[in-house]
Amino acid sequence: MLVFVTAILLVACSSNKIDDSTTKLYISKAEKVVTLLNQEKFDELRTLFDDTMKDALTVEQLKETNDIIKESGRFVSFEKSSVVLREGYFITSLTTKYSKDQRVYSITFDDQRRMAGLYVK
């Protein structure tokens, strides 16, 4: 399976309990990230990045990621989602359905709600 890793800030195995409103907030933010990727709105997507992500991931690299996503076909729906808190980062996992395949996104947010990591498989 083709995997594209842009930045991962996943550390430690322990997680803390997250309340429902926080879970919904980060799932919504992660869905927005996937939507912007699908719509090829890379400049708008980069406004959500923290400084490290801005330095590490250019618009050109986002376009390359989008080429991988396009192989899955037309976006159909968000299937499953979850959020865990590890070492101060909110890690959101989204399973998505496309017309030809499924993709799983792991999107990490810092405590200021900025995107600090993106993993697509």
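How many of the 10 residues of E3 are buried? In this predicted model, 7 of the 10 residues of strand E3 are buried, and the strand is thus described as mostly covered.

**View 1. Strand E3 and its pairing with E2.** Strand E3 spans residues 89-98 and strand E2 spans residues 75-86, and the two pair in the antiparallel sense over 10 bridges. Arg-86 stands opposite Tyr-89, the latter lying in E3. The hairpin that E2 and E3 make has 2 residues between the strands, and within this hairpin Glu-87 takes a positive phi near 50 degrees.

**View 2. Strand E3 and its pairing with E4.** E3 is also joined to E4, by 8 bridges, and here again the strands run antiparallel. Thr-92 has Ile-107 of E4 as its bridge partner, and Ile-107 is in turn among the residues that touch the most other members of the largest nonpolar core. The hairpin formed by E3 and E4 has 3 residues between the strands.

**View 3. The surroundings of Thr-96.** Thr-96, placed in strand E3, counts as buried because its relative accessibility is 0%. When neighbours within four places in sequence are left aside, Thr-96 is in contact with Val-34, Phe-75, Ser-77, Phe-78 and Glu-79, and also with Asp-101, Gln-102, Arg-103 and Tyr-105. Of these contacts, Tyr-105 is also one of the residues that touch the most other members of the largest nonpolar core.

**View 4. The largest nonpolar core.** This core has 28 residues, of which Leu-37, Leu-45, Tyr-105, Ile-107, Phe-109 and Met-115 touch the most other members. At least two core residues come from each of the helices H1 (20-38), H2 (42-46) and H4 (59-70), and likewise from each of the strands E2 (75-86), E3 (89-98), E4 (102-109) and E5 (115-120). Helix H1 gives the most, with 7 residues. Around Leu-45, and not counting residues up to four places away in sequence, the residues touched are Val-33, Leu-36, Leu-37, Leu-62 and Met-115.

**View 5. The salt bridge between Lys-70 and Glu-40.** A search of the whole structure finds 2 salt bridges, one of which is formed by Lys-70 with Glu-40, where the closest N and O atoms are 3.0 Å apart. The pair links distant parts of the chain, since Lys-70 belongs to helix H4 whereas Glu-40 lies in the loop between H1 and H2, 30 residues apart. Lys-70 counts as partly exposed because its relative accessibility is 45%, and Glu-40, with a relative accessible area of 39%, is partly exposed as well.

**View 6. The salt bridge between Asp-110 and Arg-114.** Asp-110 forms a salt bridge with Arg-114, and the closest N and O atoms are 2.9 Å apart. Which of the classes, buried or exposed, applies to Asp-110? Asp-110 counts as buried, because its relative accessibility is 6%, whereas Arg-114 is partly exposed, with a relative accessible area of 30%.

**View 7. Residues 1-15 and the confidence of the model.** Over the chain the average pLDDT is 87, and 87% of the residues score at least 70. Across residues 1-15, however, pLDDT stays under 50, although the model has 41 contacts beyond four places in sequence for this segment. Where pLDDT is low, predicted coordinates should not be read in detail.

Methods: Residues are numbered from 1 along each chain as its sequence is written. This is a predicted model: local features need pLDDT of at least 70, side-chain atom pairs count only at pLDDT 80 or more; totals for chains, interfaces and linings use all residues. Side-chain values use heavy atoms; hydrogens and water are left out. A nonpolar core is a set of buried Ala, Val, Leu, Ile, Met, Phe, Trp, Tyr and Cys residues joined through side-chain atoms within 4.5 Å. Buried means under 20% relative accessible area, exposed over 50%, partly exposed in between (1.4 Å probe, protein chains only). Helices (H or I, at least four residues) and strands (E, at least two) are DSSP runs, numbered from the N terminus. Contact means heavy atoms within 4.5 Å. A salt bridge is a side-chain nitrogen of Lys or Arg within 4 Å of a carboxyl oxygen of Asp or Glu. pLDDT is the predictor's confidence in each residue, from 0 to 100. Two strands pair if DSSP finds at least two bridges between them.
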